[in-house]
Amino acid sequence: MQTSPHTEARAIATVNLSPFVDNPGRMLPDLNQLQACRALVEALHELGFVQLTGLGISQKEIDEILAWNKALFDLPYADKMKAPHPLGPIPHRGYSGIGKEKVYSQADVKAHGDESDVGQSLRKISDFKESYEIGSELDPVQQNIWLPDDVLPTFRSYMTTLYEKLCKVSEIILDAIGIGLGLKDSAYKSLMDLMSDRHCQLRLLHYPAISKAKLQNELLARLPAHQDWGTFTILFQDRQGGLELKDPVTQTFIRAEPKDGACILNIGDMLQRFSNDYFISAVHTVSVPDPDAVSPIGLPPRYSVPFFICPDSSHTVSTLPQFVTETSPAKYTPVRFDQYGSMISQYQYQEA
């Protein structure tokens, strides 16, 4: 039996993309940009995730984003429910209370495939988190569900501006991936079509504190291991950290430690399919530790803000021909993004 050459946990690479942010509008990449692009592609090829700096978002801005996140979830439940998430998975907008949404992997679905109600079986362990979903104000498919302005003044305008800024940042990242791969003309356009600024998603997440007694007496999850079904995701997290990503080679989870001015990028299913597994959709989780290993005061709260990069809902994602070779035959058939998402998310929310 062949053993993996990676016997120890590998570190998450950090790539600085400031050459792109500091020099916008270039016609051809300079040496610094090329080096950053190639480092980004190499890191994503190796692990499926990377830590990014130099995106033009300071730690002060990240702290402000997280402060708005906390202000939202500090509201009374009755106020948060003035922007309720609908019963089903679409539209994926507005506020979801603790335990309403269930995150799972396709392996989890297969494990419960013989049971009469897969959705209920997946919910035997609830996700102890609450969330708020925001999209583009121009999204023709999923309209935003906003809190009344008097509940949290300027929240809507702040989040709308943040959404637009993260779209611009994500375009820079996707551009860097294309340059790092050496894509040109129609191949480059096909890559850039994996993002639509009308169909991305900004998510605010709060994992409440959990007492040691609750951990000892109840079956709880925070965010079970899963993959994102979009193109890629960028994530900002507080000082508590907690995100863990799975090394595709060693199959061990690596803790993504918070770093000033940085975000985590993880590959999603669409970029995996597009690249024929050159990039692997990253398995990630926010785990609940063994209760015996938790301090007497329990687990502290955690706040994070992921931004999901997605193509147009009607866009069909196909594998780029250059990734198909005799030694790496095509693994995926073309798929329409909204149909794929509906299949993946069918148990995410219960209709009743």
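User: How many residues are between β10 and β11 in the hairpin, and which residue in the turn has a positive phi?
Analyst: The hairpin of β10 and β11 has six residues between its strands, and Q251 in the turn has a positive phi of about 65°. Strands here are DSSP runs of E with at least two residues, and helices are runs of H or I with at least four, numbered from the N terminus. This is a predicted model, in which local features need pLDDT of at least 70, side-chain atom pairs count only at pLDDT 80 or more, and totals for chains, interfaces and linings use all residues. Residues are numbered from 1 along each chain as its sequence is written, and side-chain values use heavy atoms, with hydrogens and water left out.
User: In which sense do β10 and β13 pair?
Analyst: Strand β10 (residues 243–246) pairs with β13 (residues 284–286) in the antiparallel sense over three bridges; a pair needs at least two DSSP bridges. L243 has V286 as its bridge partner in β13.
User: And which residue of β11 is the bridge partner of K246?
Analyst: That partner is F253.
User: New topic: how many disulfides are there?
Analyst: The count is zero, where a disulfide is a pair of cysteine sulfur atoms within 2.5 Å.
User: Is C167 buried or exposed?
Analyst: C167 is buried, with a relative accessible area of 5%; buried means under 20%, exposed over 50%, and partly exposed in between, with a 1.4 Å probe and protein chains only.
User: What follows α7?
Analyst: G182 follows α7 and has a positive phi, near 75°.
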